[in-house]
Amino acid sequence: MKVPLLDLQAQYAPIRAEIRAAMDRVCDAQHFILGPEVSALEEEVAQFCGARFGVGVSSGTDALLVALMAAGVGPGDEVITSSFTFFATAGVIVRLGARPVFVDIDAGTFNLKSEEVQTKLTSCTKAIVPVHLFGLCAELSSILEIAGDRGIHVIEDAAQAIGAGDRLGRSAGTIGDMGCFSFFPSKNLGAFGDAGMIVTNDADLAESLRVLRVHGGKPKYYHRVVGGNFRLDALQAAVLRVKLKHLTAWTEARRRNAQRYRELFAESGLQSQVTLPQDTPGHIYNQFVIRVPRRDELRSFLRQNGVETEIYYPVPLHLQDCFADLGYRKGELPESEKAAAQVLALPIYPELLMEQQRHVVEQIRRYLDDGAQAPELSRGSAAVS
Ligand SMILES: *Cc1c(COP(=O)(O)O)cnc(C)c1O
């Protein structure tokens, strides 16, 4: 049995006619950059999240970059963020000449430890970028308190978390000053290419973001600030508007699949060997990430048996070669390093079938049960040699 990590064709098939009609609308209008489709999407996403404003941009990475620019981050500034995240979270900080200051993660949630943020504050701290990794909201209450007192911006990397809710029922992206979404095709709300959005409740920030995404021109051809081309195009917006209507149902399906995995793992008797992701009501499961022993070998075994998995992420950012000059050492952020060695993302996409999930768990059980006999095997091979 084949179990892909994601099956976008299965998502597309039932909405094909709707998507084609939306794309036709743009083709007939011949209005491709920003414009009414983008404005409509901005309103719809803002409303979906419960934010006042949405500003569509060219990608999730650019959403983070423009948000940091609007927060005034530049050379000499420090930005506190998680080491266990996608590269873009820190890449944008460095691109603005600022310094990423990495904090470790909580082993249970994979999100940055809010207690550690306090210890990394300096007079240069300009912003904090918590990441809602895998679709689970980071704990922001204490971070908001720390930041609020000092005028530090909190910019949520909600690239994987559209529609996620925190403990207090707040929606990912609307908790801090600005929230950044990615519509990369593999995200829960995925475009037919690159796209992203920033949401905020602050009218001044929204205005800055809108100006920065068109090279800082306002009015056009008059520049008081230097921005860039961070525009969202109408075809992507039209596709996203169709998909947004299905997002709640897709999220429910992901949650159902997570629940099925929990039941299947409980039946398999693997609880002592496999750590499942935290079961939190607001989780939207962009990924279903487990921790396992002998992760890389298990991954090859699963691949041989038709199950696609992925490692998000194999190297924590403080140990990336390009950040060597920041001076972090191995062992400095132990939970991030441990996670990088143990995590494995299983297929969780909405269209996944029960038989496929059964197959995934069965293959993991087969592998780990064989592993239990490993001492036997090595004794056997020692006798041979
Ligand atoms: C996907 C992602 C991004 C970047 O989004 P793109 O649209 O690919 O540029 C940033 N941060 C996190 C945590 C992501 O998962």
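This is a predicted model: local features need pLDDT of at least 70, side-chain atom pairs count only at pLDDT 80 or more; totals for chains, interfaces and linings use all residues.
Modeller: Residues are numbered from 1 along each chain as its sequence is written, and side-chain values use heavy atoms, with hydrogens and water left out.

Biologist: Why are α2 and α9 called roughly antiparallel?

Modeller: Helix α2 (residues 16-29) and helix α9 (residues 234-244) pack at about 150 degrees, with axes 9 Å apart. Angles under 35 degrees count as roughly parallel, over 145 as roughly antiparallel, 65 to 115 as roughly perpendicular, and the rest as oblique. The pair is therefore roughly antiparallel. The axes are lines fitted to C-alpha atoms over the stretch in contact, and angles run from 0 to 180 degrees between N-to-C directions. Helices are DSSP runs of H or I with at least four residues, strands are runs of E with at least two, and both are numbered from the N terminus.

Biologist: What makes the contact between α2 and α9?

Modeller: E18, I19, A22, M23, R25 and V26 of α2 meet A234, L235, A238, V239, R241, V242 and K243 of α9. Contact means heavy atoms within 4.5 Å. By class there are 9 nonpolar, no polar and 4 charged residues. Ala, Val, Leu, Ile, Met, Phe, Trp, Tyr, Cys and Pro count as nonpolar, Asp, Glu, Lys and Arg as charged, and the others, Gly among them, as polar.

Biologist: Which helix gives the largest share of the lining of the largest pocket?

Modeller: Helix α4 does, with 3 residues. By class, the lining has 10 nonpolar, 10 polar and 3 charged residues.

Biologist: Where is D194, and which residues does D194 contact beyond its neighbours within four places in sequence?

Modeller: D194 is in the loop between β6 (178-182) and β7 (196-200). Leaving those neighbours aside, D194 is in contact with S58, S59, F184 and Q236. D194 and F184 are 10 residues apart in sequence and 5.3 Å apart in space, C-alpha to C-alpha.
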